[in-house]
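Hi everyone, thanks for coming. Let me put the structure on the screen, and then we'll walk through it together.

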Amino acid sequence: MSTDVHTTIGAAAIWIVARPKSPRAREHIALLEWHDKRWRHVGGSSGPADDPVDVEVLEVQQGGGVFSLTRSTDPPRSLTTAPWISCVKVRLGRDVGHVLIDGRRLENPEQCRLIAVWTSPYPTRAARPVIVAMGRDGAELSRLGPDDSLDTHTWARLREEL
């Protein structure tokens, strides 16, 4: 299980893998929003869990997103100005100490996988923030930009192999 509670923006994501060692493993993602002094479930997904993979440094998988249901009714907001809540699943290598996502530092948990949440304006909902994997010594190990499909570490390794 991994959670990311981003109190500054009032959004949270939960990633649960049920029966992780079973061939019938399932994963569930829930997106929540802080509204009227309580957390409200605004969306999520469920499906078969991915097979565990050893990651060298950084692997990012799409987690999902949902339109802010509660903030779309807050004056002066409307359906066109309410934020989009997004999340990604991140798998990390053992040498990664933490990641920087959307200006926040998230520590690498023991299971080397985490979920990260952020908000963006609805028209740019597909935009992912820059994700940077940092070593335990504070050195940058890899970086993945908003439009990148491969991180800088993987690109460097591929160039070496050519």
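Let's begin with Glu27. If we skip its neighbours within four places in sequence, Glu27 is in contact with Trp15, Ile16, Val17, Ser45, Ser46, Gly47, Pro48, Ala49, Asp50 and Lys89. Please keep in mind that this is a predicted model.

Where does Glu27 sit? You'll find Glu27 in strand β3, which covers residues 26–35. Now, is Glu27 buried or exposed? Its relative accessible area is 9%, and because buried means under 20%, Glu27 counts as buried. Which side chain makes a polar contact with the side chain of Glu27? That is Lys89, and the polar contact between the two side chains is 2.5 Å.

Ser45 belongs to strand β4, residues 38–48. Here the relative accessibility is 40%, so Ser45 is called partly exposed. Leaving out neighbours within four places in sequence, the contacts of Ser45 are Glu27, His28, Ile29 and Gly63. For a sense of distance, look at Leu31: Ser45 and Leu31 are 14 residues apart along the chain, and their C-alpha atoms are separated by 8.9 Å.

Let's move on to the nonpolar residues. In soluble globular proteins, nonpolar side chains tend to be buried together. In our model, the largest nonpolar core has 15 residues. Which residues have the most contacts inside this core? They are Leu58, Val90, Leu92, Val99, Ile101 and Leu114. Strands β6 (83–92), β7 (96–101), β9 (113–121) and β10 (131–135) each give two or more residues to this core. Apart from this core lies another one, of 14 residues, including Ala25, Ala49, Cys87 and Val117.

Take Ile101 as an example. Again setting aside neighbours within four places in sequence, Ile101 touches Val90, Leu106, Leu114, Ala116, Pro129, Val130 and Ile131, in the sense that they are in contact.

Last topic: a sheet. Here 4 strands form an open sheet, in the order β8-β7-β10-β11, with antiparallel pairing. Which strands are at the edges? Those are β8 (104–107) and β11 (140–144), and each of them pairs on one side only. On average, neighbouring strands of this sheet are turned by 20° against each other, ignoring direction.

Let's finish by zooming in on one pair. Strands β10 and β11 pair in the antiparallel sense over 4 bridges. If you look for Met134, its bridge partner in β11 is Glu140.

Key: Residues numbered from 1 in each chain as written. Predicted model: local features only at pLDDT ≥ 70, side-chain atom pairs only at ≥ 80, totals over all residues. Heavy atoms only, no water. Buried < 20%, exposed > 50% of the residue type's maximum accessible area, 1.4 Å probe, protein only. Polar contact = N/O pair within 3.5 Å; in protein donor to acceptor, adjacent residues only side chain to side chain. Contact = heavy atoms within 4.5 Å. Core = buried A, V, L, I, M, F, W, Y, C linked by side-chain atoms within 4.5 Å. Pairing = 2+ DSSP bridges. Axes fitted to C-alpha atoms, helices over the stretch in contact; angles between N-to-C directions.
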